[in-house]
Amino acid sequence: MSQGFRPQNNNGPLCCVIGAGPSGISTLKRLKDHGIPYDCFEASDNIGGNWYYQNPNGMSACYQSLHIDTSKFRMGMQEYPVPENWPDYPHHSEIFDYLNEYTDHFNLRDSITFNTRVELAHRDEDGHWTVTTSDGETRRYPVLIVANGHHWDPRWPEPAYPGDFAGDQIHAHSYNTPFDPIDMRDKRVLVVGSGNSAMDVASELSMRFMAKTLHISMRRGVWVFPKYINGTPGDKNMLPAWVPRWLQHWLMKRVVKAQIGDPKNYGLPQPTYQPWEAHGTVSGEFLQRAGSGDIKARPGIDRLDGHTVHFTDGSSGDFDVIVWCTGYKISFPFFDQPEFTAGEDNQPPRLFKRMLIPGVPNLIYMGLAQSLPTLVNFAEQQSRWLAPYLTGDYAPPSESAMQRMIDDDEAFYLRDYYPSPRHTIQLHFDHYVGRLDKEIAAGIKREKGGQAAAALPADTLNRDQAA
C-alpha cells in the first residue's frame, strides 16, 4: 500500500481521500501545499476517473470519439494551465494526458494507493471514520474527503417502462464505439434522452454508413446550444457573474434565437422551457443531422412490445437497439449510514457550500455539482476553502447559520431550473466561486476575531505506525 502523504510538520488532521479523478487530484495538491497529511485510495490503476477511457474500474463514461463540450478556455486548472496548442474543444485523450501531467508535475502519484477500492466508510460514535479497503485493511481517520464523482452509476428509467424489449439495449455509460459493445451498423437504433451524451451518440450513429435508421426519443423539447458563437467558443462569450440575471437571460434568449432559430425548423419538438431553465445541451452536429433528416425525433416512450416501441403520441416504431442516455445517479456505495447518501430523487444531503453537512464537521464532499460551464476544475476552487478549514485558519458559521446559507444558496442556484433529478446539484461556476470567495474571507475574519475553528475529532492515529 502507498504510504500516502506525511509532511515533516503536520498542519492538520490525517485525511482519507476517496478517488483520484480531477476532483481528487486537485484536492491532494492543495492538501500537500498546506502540509495536511492524507491517504488517497483509487479503485483504478491510474488517475483520471471519468476521463480514463475504458477505465478498468468500470466507472468511466468516455466513448472513443468524445470531445469535451467545455472549451479549453474554461476547463483548465488555475494553477496548471492547459497547453496553448490545444484545440478549442479537446479530445478526451488530451484531457487524460493533461490530468496525468498535472499529477506528475506536483508529485502526487506516489501518494495515491491505486487498485484499491474503499468498500466501507463508517462514522463511529467518537466521530472518527473507520475505513475498510478492498485489500482487507481497516484504518481510522479523523477526516473523510469524498471525491468519487457522480457520472459513473447509470440511471435507467424508473419506474421501468411497461413491457419488454426483444432487441439489444445498453446505457450510454457502456457505449464505446458504433461497433462496441454492440455492432450497430445497418441496425434500427433508438436513442433515448436529450442531454449531451444523447446528442453525441445520436449524431455519430446517424451517419448513413452506420445505423440503418436513427430515432431519438425525447420527453420534452430541448434547446441545443452551438459550440461556436460568431466564430468563438460559446462559453468564452459568457457574461461575468456580476451582470444582473434578468439581463443574462434576455441576452441568452436573443443569442439562442439568432444562432439556432426555432427547433421545430429541424423537425424537433418545441421546448416548453426557456434556454436558461435547464443544464445546457451543447452540440455542433446534432441540429444539422436532424435538419438533414438523418435523425428523426420521437416523443417519450409509453411501452415496449418485442421490437416495437410505442410512444406517448400513439405512434410506434420497430427497433433493433436502444441506447439509454438517461443520466447518472449520485452514489456513495461505501456508506452504510443513509444520512450521508443521496435519496431516490437524486438529492444529496444538504451541504454547506456543497461540501459540508452541518453538524458533521469531518466529512467533506468534493466536486459534487453539475457545474456550468465546467466541472473539471471545480474542486480546485473548493479546495481553497478546504485547506484553511482543516488547518484551523478558517472558522465556519454556526450550524443554524449554515442552514440559512444553504437555503439561500440553493434558492439562488436552482431557482431558474425546472425540477428534475438532472438539476439537483446544478449551479453556475462563476456565481459559486464568487460566493465562496466571500465566505472564505468571512471565515478567516471570524477566526481572527476569536471564533473557534472546526471542532474535528482528535487525531488518535499513530502516524509512525501509519507511515
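Is C16 buried or exposed? C16 counts as buried because its relative accessibility is 0%; buried means under 20% relative accessible area, exposed over 50%, and partly exposed in between, with a 1.4 Å probe and protein chains only.

This is a predicted model, in which local features need pLDDT of at least 70 and side-chain atom pairs count only at pLDDT 80 or more, while totals for chains, interfaces and linings use all residues. Residues are numbered from 1 along each chain as its sequence is written, and side-chain values use heavy atoms, with hydrogens and water left out.

A search of the whole structure returns 0 disulfides, a disulfide being a pair of cysteine sulfur atoms within 2.5 Å. Two cysteines are listed below.

| Cysteine | Nearest cysteine sulfur | Distance |
|---|---|---|
| C16 | C40 | 8.0 Å |
| C62 | C325 | 14 Å |

C62 is buried as well, with a relative accessible area of 2%.

Helices (H or I, at least four residues) and strands (E, at least two) are DSSP runs, numbered from the N terminus. Two strands pair if DSSP finds at least two bridges between them.

β10 runs parallel to strand β11 (residues 213-217), joined by 5 bridges, and V189 stands opposite L214 in β11. With strand β20 (residues 321-324), β10 pairs in the parallel sense over 4 bridges; here L190 stands opposite I322. In a regular strand, side chains alternate between the two faces of the sheet.
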